[in-house]
Amino acid sequence: FPPWADGSAPRAPACPAGMTIGSPDFVGVGVPKAGTSWWFSLILAHPDVHGPVKKELLYFNRVFFERYRQQGCTDGDLQAYHDWFPRPTGAITGEWTPSYLFSYQLPPLLRRAAPNGKVLVLLRDPVERYLSDISRRMPRRRLRNVRYRGFARGFYAAELAPWEQEFGPSEMLVLQYEACALRPGEQLAATYRFLGLDDGHRPVARQRPVIGTAGLAWALDRDTRSRLADVYASDVADLATLVPELDLSLWPAFTE
């Protein structure tokens, strides 16, 4: 059963002895199939970061928003969210739910839930991300819906806009999967600094990116890739305006 299925906030485990609970210090909000599990594991490898109960809480999900439209979000709902984030003194903690980016109602709510929290976004070439998304093992009856959803989730600029309206440059860091895979030490140090951590720590497994799209169950022919790139091109151009540090040379389909 998903969180909120019975209409009440999911209950967190009891806070371990010697720890305190509170709002998360950081929340990763996007995007699926862009290396978020890998990057989150590197964040957790820092000695000053305490791991949460699980990576993806999905606290703010479809069922939550159905309830939210009817009843709003109470202080009790926010406290129930905070209960999922125990940490020892001097450590920070957070979660990473990649689907959060696509919840346009969430930015002001997350501002309430984590008023001092940092927001992390990890993006990937939308064509490659789409291929990775539809290449997961799944029943054929689900594939049509996954194809549509996977396609829709490649329009990053439209989804980022409400987040940038709520969180300033010092509060939100946008990373590229390709840059993280190519220069993990540099990008990880930037991530640590953004989170207020010592950027000198280097996890042993930092150069282990997620699987690419080569050799996956599905393939996209050149014509389909070109059509997808054409459809995404306008949004990628808008994204480059929203995120000036975006390196489009790492997304060659959009530099031709």
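Student: In this predicted model, is Phe 65 buried or exposed?

Tutor: The cut-off for buried is under 20% relative accessible area. Phe 65 has a relative accessible area of 6%. Phe 65 is therefore buried.

Student: Which helix holds Phe 65 and Tyr 68?

Tutor: These two residues are three apart, about one turn of the helix. The helix that holds both Phe 65 and Tyr 68 spans residues 62-71 and is α2.

Student: What kind of aromatic pair do the rings of Phe 60 and Phe 64 form?

Tutor: The count of aromatic pairs comes to 21. For Phe 60 and Phe 64, the ring centres are 5.2 Å apart and the planes stand at 90°. Planes over 60 degrees apart count as edge-to-face. The pair of Phe 60 and Phe 64 is therefore edge-to-face.

Student: What is the centre to centre distance in the aromatic pair of Phe 65 and Tyr 68?

Tutor: The angle between the planes of Phe 65 and Tyr 68 is 90°, and the pair is edge-to-face. Centre to centre, the distance is 6.2 Å.

Student: Is Trp 4 buried or exposed?

Tutor: Trp 4 lies in the segment before β1, and ring pairs link Trp 4 into a cluster with residues including Phe 60, Phe 65 and Tyr 68. Its phi is near 75°, a positive value in a residue other than glycine. With a relative accessibility of 2%, Trp 4 counts as buried.

Student: Where is Val 31, the residue joined to Gly 30 by a cis peptide bond?

Tutor: The omega of the bond between Gly 30 and Val 31 is about -10°. Strand β2 covers 26-30 and helix α1 covers 36-44. Val 31 is in the loop between β2 and α1.

Student: How are helices α7 and α10 oriented relative to each other?

Tutor: The axes of α7 (residues 156-166) and α10 (residues 222-242) come within 8 Å and cross at roughly 30°. Angles under 35 degrees count as roughly parallel. That makes the orientation of α7 to α10 roughly parallel.

Student: How many charged residues does the contact of α7 with α10 have?

Tutor: Residues making the contact include Leu 160 and Glu 164 of α7, and Asp 235 and Leu 239 of α10. By class, seven residues are nonpolar and no residues are polar. The number of charged residues is three.

Notes. Residues numbered from 1 in each chain as written. Predicted model: local features only at pLDDT ≥ 70, side-chain atom pairs only at ≥ 80, totals over all residues. Heavy atoms only, no water. Axes fitted to C-alpha atoms, helices over the stretch in contact; angles between N-to-C directions. Helix = DSSP H or I, 4+ residues; strand = E, 2+ residues; numbered from the N terminus. Parallel < 35°, antiparallel > 145°, perpendicular 65-115°, else oblique. Contact = heavy atoms within 4.5 Å. Nonpolar A, V, L, I, M, F, W, Y, C, P; charged D, E, K, R; others polar. Buried < 20%, exposed > 50% of the residue type's maximum accessible area, 1.4 Å probe, protein only. Phe/Tyr/Trp six-rings, centres within 6.5 Å; stacked < 30°, edge-to-face > 60°.
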